[in-house]
Amino acid sequence: MLYGHEKEPFLHLPTPLERLDTLSEKLGINLYIKRDDLTGLGTGGNKLRKLEYFIKDALNKKATALVTVGGPQTNHGRLTAAVAAKYGMRCTIVAVGEYPGEISANILLDRIMGCTVYLVQKDGDASEGELSERAVRETMAGYEAAGERPYFVPLGGSNELGALGYCECAMEIDEQCRNMGIDDGRIVVTSGSMGTYIGCFIGLRHVGSKLGLLGVCISPSSDPDPAARAKKYFDRCKDYLGLEFDAQESDFNLTNEYHWGAYNNPVKEVREAIYEMGRKEGIILDPCYTGKTYYAIEQLCTKGEIKEGENIIFIHTGGVPGINGPVHRQAMEEELMDGLIIKKPER
Ligand SMILES: Cc1ncc(COP(=O)(O)O)c(C=O)c1O
């Protein structure tokens, strides 16, 4: 029970917190990784912690189907599909976007788990938001007409309830750090719809942690000032959860410098950061979220904004299936072909 809200515990927690020795040495810092890519269902990722709270609420309301929204390759949608499958519910992901020409990456996993993916094509008239809202209404009504009880999970699981998942994660990290003798440092986490960042912020405050928090925004937002957006989100959480502490805009530390101009765009430097992590530590990052964040960590070390010897806790939020989306996969195939040796039979 956290701030009066119960969850349905289906994850194997705590996830590991480990030091990355080779990269620590290379970057001149103590780099730790929080393996929230290993959260279990549907190949894992950050959204499952939020979904422990949503599924509890859905079960309390006797829901029989989950409906959510996102981009066509939404990780959040995939994990919503996984939770729906586990709890015997039907599931639909509503996404505005083009069919990528193949069923791969998250869409493939969604379909394996029995989830319907409703891809709404743009009509050049209505906005993406309007198209999405309309399709969600239609989907909810369709379920109701079929005698189902649909439950709507918001974009990215990022509302006041969903934030609790990462509130708990930050508390978990704080405890792990204390057990490992890590007295100070900073958590670095990817920020998209911001529920993960805000949840961590609240969790660290909740336990009076000495750890700082940096969010790396991966998507250019209509709101150019992420701290202002964070403050608004925090205030909504404060009201909803009854938080007894306050926060000012200046308390939120987020950088907008590493989104590369678009959401889920292929970027050579980000792929190189992914290869670096793969080749030095055997850990796979993704091109939309965690690859951008690890690249940011490298850059912040070079610029001296992460200090020599600093303890950095990088939360691996998952997203690895995204590598198999056609755009990223094709770019990687071209770059990695040089290490593929094809031996013809000798005759
Ligand atoms: C792999 C991955 N990392 C990070 C995030 C960002 O989380 P949030 O939307 O809570 O900011 C997402 C969101 O979809 C994600 O899929």
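The model is predicted, so local features need pLDDT of at least 70, side-chain atom pairs count only at pLDDT 80 or more, and totals for chains, interfaces and linings use all residues. Residue numbers start from 1 along each chain as its sequence is written.

**Exercise 1.** Describe the shell around the ligand and state where it lies.

Solution. 
Step 1. Take the 19 residues around the ligand; N75, G192, S193, T317 and G319 come nearest (a residue is near a molecule if its C-beta atom, placed from the backbone, lies within 6 Å of it).
Step 2. Sort the shell by class: 15 residues are polar, three nonpolar and one charged (Ala, Val, Leu, Ile, Met, Phe, Trp, Tyr, Cys and Pro count as nonpolar, Asp, Glu, Lys and Arg as charged, and the others, Gly among them, as polar).
Step 3. Assign elements (DSSP runs numbered from the N terminus: helices H or I of at least four residues, strands E of at least two). At least two shell residues each come from α3 (75-86), β7 (186-191) and α7 (195-206). The largest share, three residues, is from α7.
Step 4. Both domain 1 (17-44 + 159-335) and domain 2 (47-156) give residues to the shell, so it lies between them. The domain bounds come from an automatic or database domain assignment.

**Exercise 2.** Work out which strands stand at the edges of the open sheet of four strands.

Solution. 
Step 1. The order is β5-β4-β3-β6, with parallel pairing (strands pair if DSSP finds at least two bridges between them).
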